[in-house]
Amino acid sequence: MLEKINKLLAEVDAFKASSLEHTEEYRIKWLSKKGEISALFDDFKNVSSDLKKEVGQKLNLLKNKAQDKINTFKESFEDHKGSTENKTDLSLPGYPSLQTGSRHPLSLVKNQIIDIFSRIGFTVSDGNEIEDDWHNFTALNTPENHPARDMQDTFYVKLDPEMVLRTQTSSVQVHIMEHQKPPIRTISPGRVYRNEAISARAHCQFHQVEGLYIDEKVSFADLKQTLLYFSKEMFGADTKIRLRPSYFPFTEPSAEMDISCTICKGKGCNVCKYTGWVEILGCGMVDPQVLINCGIDEQKYKGFAFGMGIERITMLKYQIKDLRLFFENDVRFLKQFTSA
Ligand code: DAH
């Protein structure tokens, strides 16, 4: 019996487990109910009484050593397992679990327009998207049955045909002139609506910025210089402008303004349809009748106004070819503006 115990003691001392399964294999071999050490305990009753003390001590030593060894290996393997499965590996590089948002390109450009005009003293004014006929049309020299109403397809409010979804931010001009005394120098960015079929070039909703300057000695030269300043700030110092005579019911004279094509620098490309110029806004001297309609002394005051589409400016600036992208909120489109 002593011989067997010594042999097992040597085996326990020499034992090195290679895995959790290997450790378990030896626990069963030595310590389970039918294991070798348990069997020795069963045989212990047959040991003669003079040897009982010595054999008993050795047997206990063997059992304890075997138990310690098994426990030590078991713990070490379980710890290791835990570190790969459950614990955070601090050596891995971090990555943000939240994606950074980005500003909508229309907001970026709107803010830039506000910034450019505020540097030359223009304030920002807000208006209503649901507007009455007077502010959207009549006060702006476009009474009912005036052919110019056909320039814009209007959404009327069903319950009250006097109310419309504003077709232009020019309506804000009227509110401002009705409530403020000149000098007035303000821009009004906002959303407008027109009953148009949705395509790459048209939408039933879009955004405009209206500009209005009313004072005693405002001239067409002031208008031109203001718009030249804006164009250079927005599209680059080498940008040129040209004004073409046009018609708007609320300005006289009226003009449309082109800038030299930002893509080909005026040489001709498909964006400018090989003309070297792209149209970006309408403008003119405020018609004296509009001043009268809004309660401003038309003998004393003059003014200029302009209106531009924010989508148009944004499309030119970022070379975006389809207007619908602005309203679909596809993250793949929007996240391209993260760093802008
Ligand atoms: N309201 C015009 C439109 O939507 C744009 C416009 C043209 C605004 C000339 C103006 C202006 O203030 O003077 O087409």
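So, strand 1, residues 123–124, runs parallel to strand 5, and two bridges join them. Keep in mind that this is a predicted model. If you want a residue pair to look at, V124 stands opposite I187 in strand 5.

Now go across to the next partner. Strand 5 and strand 6 pair too, in the antiparallel sense, over ten bridges. I187 turns up here as well, standing opposite G211 in strand 6. And how many of the residues in strand 5 are buried? Eight of the ten, counting 184–193, so call that strand mostly covered.

Let's stay with strand 6, residues 205–215, and pick out Q208, which is found in that strand. Is Q208 buried or exposed? Its relative accessibility is 11%, so Q208 counts as buried; the cut-off for that is under 20%. A polar atom of the Q208 side chain lies 2.9 Å from the backbone nitrogen of T169. Setting aside neighbours within four places in sequence, Q208 is also in contact with a whole list of residues, including T167, Q168, S188, R194 and M308.

Q208 brings us to the ligand. There are 16 residues surrounding the ligand, and Q208 is one of the closest, along with Q168, S170, R194 and E210. R194 has a side-chain N or O atom 2.8 Å from an oxygen atom of the ligand. And then there's F306, where a polar backbone atom sits 3.3 Å from a ligand oxygen.

F306 also belongs to the next bit, the nonpolar core. The largest one has 42 residues, and I280, F306 and M308 have the most contacts inside it. Several elements each supply at least two residues of this core, among them strand 6, strand 9 (277–286) and strand 10 (302–309). Which element gives the largest share? That's helix 5, with six residues.

Last thing, zooming out. The domain assignment gives domain 1 as 2–85 and domain 2 as 105–334. Their C-alpha centres lie 91 Å apart in this model. Okay, over to you.

Key
Residues are numbered from 1 along each chain as its sequence is written. This is a predicted model: local features need pLDDT of at least 70, side-chain atom pairs count only at pLDDT 80 or more; totals for chains, interfaces and linings use all residues. Side-chain values use heavy atoms; hydrogens and water are left out. Helices (H or I, at least four residues) and strands (E, at least two) are DSSP runs, numbered from the N terminus. Buried means under 20% relative accessible area, exposed over 50%, partly exposed in between (1.4 Å probe, protein chains only). A polar contact is a pair of N or O atoms within 3.5 Å; within protein, one must be able to donate a hydrogen and the other to accept it, and residues adjacent in sequence count only if both atoms are side-chain atoms. Contact means heavy atoms within 4.5 Å. Two strands pair if DSSP finds at least two bridges between them. Domain bounds come from an automatic or database domain assignment. A nonpolar core is a set of buried Ala, Val, Leu, Ile, Met, Phe, Trp, Tyr and Cys residues joined through side-chain atoms within 4.5 Å. A residue is near a molecule or strand if one of its heavy atoms lies within 4 Å of it.
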